[in-house]
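Have the viewer open while you read.

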Amino acid sequence: MMQARWWKKNEINGDIVSCNLCFRSCNIRQGCSGKCGVRFNKDGVLISPCLGKFCACAIDPVKKKPLFHWNSEKFIYSLGSVGCTMDCPFCQNHSIAFPARALYGETVGTSEFAIDELISNVKGSGLNLVAFTYNEPTLQAEYICEVVPMLHEAGISVTLVTNGAMSHEAAKDLISCLDENDAANIDIKAFNPETYKTLGGELDTVKKNIELFINAGIHVELTNLVVTGLNDNIEEFASMVDWIASISDEIPLHITRYFPARNYNKPPTNIEFLYSLASVAKAKLKHVHIGNV
Ligand code: SF4
């Protein structure tokens, strides 16, 4: 079991630990976990048993992440674990992001990667790219901060496919171990703070983190999953595009189609509507892509 890095003892009640890995800032009682389900208070210490353990491991095309402007013709060694820092009812990867509590231990225990083992697996597959993906990679932040410098030394670049909801401190620490050869695909799930709240997220945090990654020189592409009845609002979408363009019109935007999953059963996104959103985006951004159609 590995001790977590971004936490402190609660100042009023020392039996409670306050996690600062993501915007949720959970106060966690002895024996309990935070909202992500994978960080626990064990005897007044925050631990994360899933660190370095992955239940999903595959070799994917880079374009599947989606990243279309970073090593886009290559394949990438992709790792996912369990848990998420948000709570989207339509999560497309809910079987690992939100496994039944009783299954967390089993799910997590399937593959533990020592760092040298990870490097030899990647190299042995003839690859030089690693993605932390499928579930929220922030929950592997301690492992990522440890492993990335060694991956770099071995000539391997990294991408994080993330919801961007990590705390400012965690974002800065994660960014400090990345370099200009690395990338992130960051979800921007809506452009309305209230909608973000219904997904267990916080728009302001995500916007700040997107700017932090971009200003640090990391290659960033954004993904907006257009969910029927949730964020399929053309005015809000246009505001989001304006905000992205105000940072840079070079930032790639992936507009992707939703399909019913987890607890959300509205019909898949109308394809013609996706194309009309793409027209709005193309008026302001140079790289607009439609996905999942
Ligand atoms: S990572 Fe986020 S959700 Fe998990 S315990 Fe920490 S603050 Fe809570």
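Which residues lie on one side of S12 and which on the other, and are they buried or exposed?

1. Keep in mind that this is a predicted model. As for S12, His219, Glu221, Thr223 and Leu225 sit on one side, while Val220, Leu222, Asn224 and Val226 sit on the other, and all of them are buried. Both faces of the strand are covered, then.

2. Now for the partners of S12. Strand S11 (residues 183-187) pairs with S12 in the parallel sense, over five bridges. If you want a spot to check in the viewer, Ala183 has His219 of S12 as its bridge partner. Strand S13 (residues 253-257) also runs parallel to S12, and five bridges join the two. Here the pair to look up is Val226, which stands opposite Arg257 in S13.

3. On to the nonpolar core. The largest one has 83 residues, and Val130 and Leu174 touch the most other members. Helix H4 (residues 141-153) is the biggest giver to this core, with six residues. The core also takes at least three residues from each of domain 1 (2-48) and domain 2 (56-291).

4. A closer look at Leu174 is worth a minute. Setting aside neighbours within four places in sequence, Leu174 is in contact with Ala141, Ile144, Cys145 and Met166.

5. What about the domains? The chain is divided into domain 1 (2-48) and domain 2 (56-291). Taken over C-alpha atoms, their centres are 25 Å apart. Twelve residues of domain 1 are in contact with 17 residues of domain 2. On the domain 1 side of that contact, the residues divide into eight nonpolar, two polar and two charged.

6. Last, the ligand. Its surroundings consist of Cys19, Leu21, Cys22, Arg24, Ser25, Cys26, Gly34, Lys35, Cys36, Arg39 and Thr85. By class, that shell holds five nonpolar, three polar and three charged residues. If you set up a selection around the ligand, this list is the one to compare with.

How values were computed
Residues numbered from 1 in each chain as written. Predicted model: local features only at pLDDT ≥ 70, side-chain atom pairs only at ≥ 80, totals over all residues. Near = placed C-beta within 6 Å. Nonpolar A, V, L, I, M, F, W, Y, C, P; charged D, E, K, R; others polar. Core = buried A, V, L, I, M, F, W, Y, C linked by C-beta atoms within 7 Å. Buried ≥ 20, exposed ≤ 12 C-beta atoms within 10 Å, placed from the backbone. Helix = DSSP H or I, 4+ residues; strand = E, 2+ residues; numbered from the N terminus. Domains from an automatic or database assignment. Contact = placed C-beta atoms within 7 Å. Pairing = 2+ DSSP bridges.
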